[in-house]
Amino acid sequence: MVHKILFWSGFGLAVRFWQLGIEMRPFFNKESLWAYPVFAAAGGSFGYWLTGVENRQMKILADRRNRLLEKRKRRAEREGTADMEKVEEGGILASTS
């Protein structure tokens with residue numbers, strides 16, 4: 001989580017440098033030093049939000065994978081197949097078998 005926040009904070013600082021470069025203004029002007037923490041905080045907050053989105057998506061995917069595996073297990077039991085090896089117990093390719 002921390003690495004994503006640090007990356008996006010750095011990205012915010014890079015955006016500030018890019019902005020000043022486009023405007024051809026000096027990077028470390030005394031009157032505009034306050035903007036660097038603002039850009040870093042905006043980037044860091046985006047990284048924090050993005051971490052939460054990723055966690056929610058991973059939870060949803062794990063729940064769906066578990067439901068699909070349970071459904072396959074019930075179907076195999078219903079069909080009476082003794083070949084339970086076809087029902088994967090949760091691998092990367094669980095949806096392709």
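Q: How many aromatic pairs does the structure hold?

A: There are 8 aromatic pairs in it. A pair here means rings of Phe, Tyr or Trp (the six-membered ring for Trp) with centres within 6.5 Å; planes under 30 degrees apart are stacked, over 60 edge-to-face, and the rest tilted. Before going on: this is a predicted model, so local features need pLDDT of at least 70 and side-chain atom pairs count only at pLDDT 80 or more, while totals for chains, interfaces and linings use all residues. Residues are numbered from 1 along each chain as its sequence is written, and side-chain values use heavy atoms, with hydrogens and water left out.

Q: What makes Phe46 buried, exposed or partly exposed?

A: The cut-offs are under 20% relative accessible area for buried and over 50% for exposed, with partly exposed in between (1.4 Å probe, protein chains only). Phe46 comes out at 35%, so partly exposed is the label.

Q: How do you know which label Ser9 gets, buried or exposed?

A: Ser9 has 16% relative accessibility, so it counts as buried. Ser9 belongs to helix α1; helices (H or I, at least four residues) and strands (E, at least two) are DSSP runs, numbered from the N terminus. Leaving aside residues up to four places away in sequence, Ser9 touches Ala40, Gly43 and Gly44, where a contact means heavy atoms within 4.5 Å.

Q: Why do the buried residues of α1 line one face of the helix?

A: The residues in question are Ser9, Gly12, Arg16 and Leu20. Looking down the axis of α1, they fall within an arc of 75 degrees (taken from the directions from the helix axis to the C-beta atoms), so they line one face. They pack against α2, residues 35-79. On the other side of α1, His3, Trp18 and Ile22 are exposed.

Q: How do you know that the span of α2 agrees with what its 45 residues should give?

A: The expected span is 1.5 Å times one less than the number of residues. For α2 that gives 66 Å, and the end C-alpha atoms are 66 Å apart, so the two agree. Helix α1 (residues 2-23) has 22 residues and reaches 32 Å, close to the 32 Å expected.

Q: What makes Arg16 count as lying over the face of Tyr36?

A: The rule wants NZ of Lys or CZ of Arg within 6 Å of the ring centre and within 35 degrees of the ring normal. Arg16 lies over the face of Tyr36 at 5.8 Å from the ring centre, and 5.8 Å is within the 6 Å limit.

Q: Why is the contact of Lys4 and Glu54 called a salt bridge?

A: The term needs a side-chain nitrogen of Lys or Arg within 4 Å of a carboxyl oxygen of Asp or Glu. Lys4 and Glu54 meet at 2.2 Å, N to O, so the pair qualifies. Lys4 is in helix α1 and Glu54 in helix α2, so the bridge ties together parts 50 residues apart in sequence. Both are partly exposed: Lys4 has a relative accessible area of 23% and Glu54 one of 32%.

Q: What makes Glu23 and Arg25 a salt bridge?

A: Their closest N and O atoms are 2.7 Å apart, again within 4 Å, so the label holds. The rule gives a count of 2 salt bridges. Glu23, at 38% relative accessibility, is partly exposed, and so is Arg25 at 36%.

Q: How do you know whether Met24 is buried or exposed?

A: Met24 has 74% relative accessibility, so it counts as exposed. Met24 lies in the loop between α1 and α2, and its phi is near 55 degrees, a positive value in a residue other than glycine. Just after α2, Gly80 takes a positive phi of about 75 degrees.
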